[in-house]
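Start with the rings and follow them through the chain.

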Amino acid sequence: SEDRSQNELYLLEELLTDVKFICDLPLAKRLEACMLLGYEKYEDGEKIYKQGDNGTLFYIIFTGSVKSSVWTQGVQDDVVTIIQASKWFGDRVLETDNLLRFIQGINHLRP
């Protein structure tokens with residue numbers, strides 16, 4: 001969002017330094033990418049997506065945590081992971097052609 005403060009941009013950029021594909025971009029391009037990130041707020045217990053959905057978004061958790069569970073047929077217990085604030089998930093979406101279009105798009109943004 002163009003309304004992001006410089007502090008927010010640098011906070012986001014810092015969180016992205018370990019994300020494959022983004023970490024290799026020059027700082028200016030990482031900051032441009034951060035300007036394109038949007039906000040979403042979820043209520044406690046609200047589902048963000050369900051297993052089997054097509055992944056189209058990359059999420060960074062600012063506050064709270066996300067419980068991620070994977071159900072496998074024939075296995076009694078779900079595999080559960082708790083993802084804490086300042087971590088991310090959905091990074092597999094960055095491994096697709098969408099990332100190439102995304103990078104190409106930010107390469108053409110005006111400075």
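**The aromatic cluster**

Y49, Y59 and F89 form one aromatic cluster. This is a predicted model, in which local features need pLDDT of at least 70, side-chain atom pairs count only at pLDDT 80 or more, and totals for chains, interfaces and linings use all residues. Residues are numbered from 1 along each chain as its sequence is written, and side-chain values use heavy atoms, with hydrogens and water left out.

Rings of Phe, Tyr and Trp (its six-membered ring) pair if their centres lie within 6.5 Å. Planes under 30 degrees apart count as stacked, over 60 as edge-to-face, and the rest as tilted. By this rule there are two aromatic pairs.

Take Y49 and F89. Their ring centres are 6.1 Å apart and their planes sit at 40 degrees, so this pair is tilted. Y49 lies in the loop between α2 (27-36) and β1 (59-60), and F89 in strand β4 (residues 88-89), so the pair ties together parts 40 residues apart in sequence. Helices (H or I, at least four residues) and strands (E, at least two) are DSSP runs, numbered from the N terminus.

Now Y59 and F89. Their ring centres are 4.8 Å apart with planes at 10 degrees, so this pair is stacked. It links distant parts of the chain: Y59 in strand β1 and F89 in strand β4, 30 residues apart.

Which of these residues are buried? F89 is, at 8% relative accessibility, and Y59 is buried at 14%. Y49 is partly exposed, at 45%. Buried means under 20% relative accessible area, exposed over 50%, and partly exposed in between (1.4 Å probe, protein chains only).
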